[in-house]
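I opened the model to go through its strands, helices and metal site. These are my entries, in the order I looked things up.

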Amino acid sequence: MGGEVLFVADLHLDPARPEALACAEAFLRGEARAASALYILGDLFEAWIGDDDPAPEFEGLFAALRGLTAAGVPVRVLHGNRDFLLGEGFERRSGARLLPDPWAGEIAGQRVLLTHGDALCTADREYQAFRAQVRDPAYRRDFLARPLAERRRIAAALRAESRRRTAGKPEAIMDVDPQEVRAWMRRHGVRLMIHGHTHRPAVHRFELDGAPAVRAVVGDWYEQGSVLRLGADGEPRLARLPFTAAGGGG
Ligand code: MN
């Protein structure tokens, strides 16, 4: 009940990085058990090609998620740009519930706005056009109707293309647009926004319409884990989870 609310994002889980997967499982079986809720703000998986993919490599992770939700800790998940095809099958397998992006509501006594963060990067027009295309329901239906092997090939090709495109882009283009942040916070009537996606963990404090406001960015899980803890005092705090310690000697 009185536990902290935890936020993670951009785990980009992939069997090719077993240390991150082990850290995530240890986190779900450990610290998260004492939380009052866990929010996963997108890109839990490096790729998700549909809930009909048995994905046996993630069964340990799903067991840990089921254990956590069965223990009474609510787990809420936003789609990221890599795993926007998570659906009802994922909810059933994990016990977690999907939230719309953006989502605004009360968490730990204050109104909070949650988003993965990619929709805030409006300076990257090429990416926003791509995002609109893959999020289109017709594109989604067409993709999900293809055999798993073909979907896997398409997803790998899209990731390679994304790496090529982002490699040549200035850093500022791939960060959130500060004006967009302010507009979203006004529209949703919040003083605290939490997101991931940019892989630039920080707690930004600024003034919005004459009052203090906070934008907290959760980090990625490439070199170590990253968690944002929100306690009863309303202060978001970032922490790192070392892979070796959390991996449990794996
Ligand atoms: Mn992302």
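Entry 1, a strand residue. I began with Leu192, which lies in strand 7 (residues 192-195). I take helices (H or I, at least four residues) and strands (E, at least two) as DSSP runs, numbered from the N terminus. The model is predicted, so I note its terms: local features need pLDDT of at least 70, side-chain atom pairs count only at pLDDT 80 or more, and totals for chains, interfaces and linings use all residues. Residues are numbered from 1 along each chain as its sequence is written, and side-chain values use heavy atoms, with hydrogens and water left out.

Is Leu192 buried or exposed? Leu192 is buried, with a relative accessible area of 2%. Buried means under 20% relative accessible area, exposed over 50%, and partly exposed in between (1.4 Å probe, protein chains only). I listed what Leu192 touches, not counting residues up to four places away in sequence: Gln110, Arg111, Val112, Leu113, Met185, Val214, Leu230 and Pro236. Contact here means heavy atoms within 4.5 Å. I also took the C-alpha separation from Leu192 to Arg205, which is 9.5 Å for 13 residues along the chain.

Strand 6 and strand 7 are parallel, with four bridges between them. Two strands count as paired if DSSP finds at least two bridges between them. Across this pair, Thr115 stands opposite His195 of strand 7. Strand 6 is also joined to strand 5 (residues 103-107), here antiparallel and by five bridges. Gly105 has Val112 in strand 6 as its bridge partner. The hairpin of strand 5 and strand 6 has two residues between the strands, and Ala108 takes a positive phi near 50° there.

I traced an open sheet of six strands, in the order 4-3-2-1-10-11 and with mixed pairing. Strand 4 (97-98) and strand 11 (236-241) are at its edges, each with a single partner strand, so one side of each has no neighbour in the sheet. Arg76 faces Arg97 of strand 4.

Which residues coordinate the manganese ion? I found Asp43 (OD), Asn81 (OD1), His116 (NE2) and His197 (ND1), at 2.1 to 2.3 Å. Donors are N, O and S atoms within 2.8 Å of the metal (3.2 Å for Na, K and Ca); water is not among the atoms, so sites may look incomplete. The spacing of the donor residues in sequence is D-x37-N-x34-H-x80-H. Asp43 and His116 link distant parts of the chain, 73 residues apart. Asp43 is in the loop between strand 2 (37-40) and helix 2 (59-70), while His116 is in the loop between strand 6 (110-115) and helix 4 (125-134). Both Asp43 and His116 are buried.

I looked for the buried residues of helix 4 and noted Tyr127, Gln128, Arg131 and Val134. Down the helix axis they fall within an arc of 130°, so they line one face of helix 4. The arc is that of the directions from the helix axis to the C-beta atoms. Arg125 and Ala132, on the other side of helix 4, are exposed. Helix 5 (137-144) is among the elements that cover the buried residues of helix 4.

I checked the length of helix 6 (residues 148-167): at 1.5 Å a residue its 20 residues should span 28 Å, and the end C-alpha atoms are 29 Å apart, which agrees. The expected span is 1.5 Å times one less than the number of residues. The buried residues of helix 6 are Arg151, Ala155 and Arg165. They fall within an arc of 90° seen down the axis, so they line one face of helix 6. The face turned away from this buried side carries Arg153, Arg163, Arg164 and Ala167, which are exposed. The cover over the buried residues of helix 6 includes helix 4 and helix 5.

I searched for disulfides (pairs of cysteine sulfur atoms within 2.5 Å) and found zero. Cys23 is buried at a relative accessible area of 1%, and Cys121 is buried at 3%.
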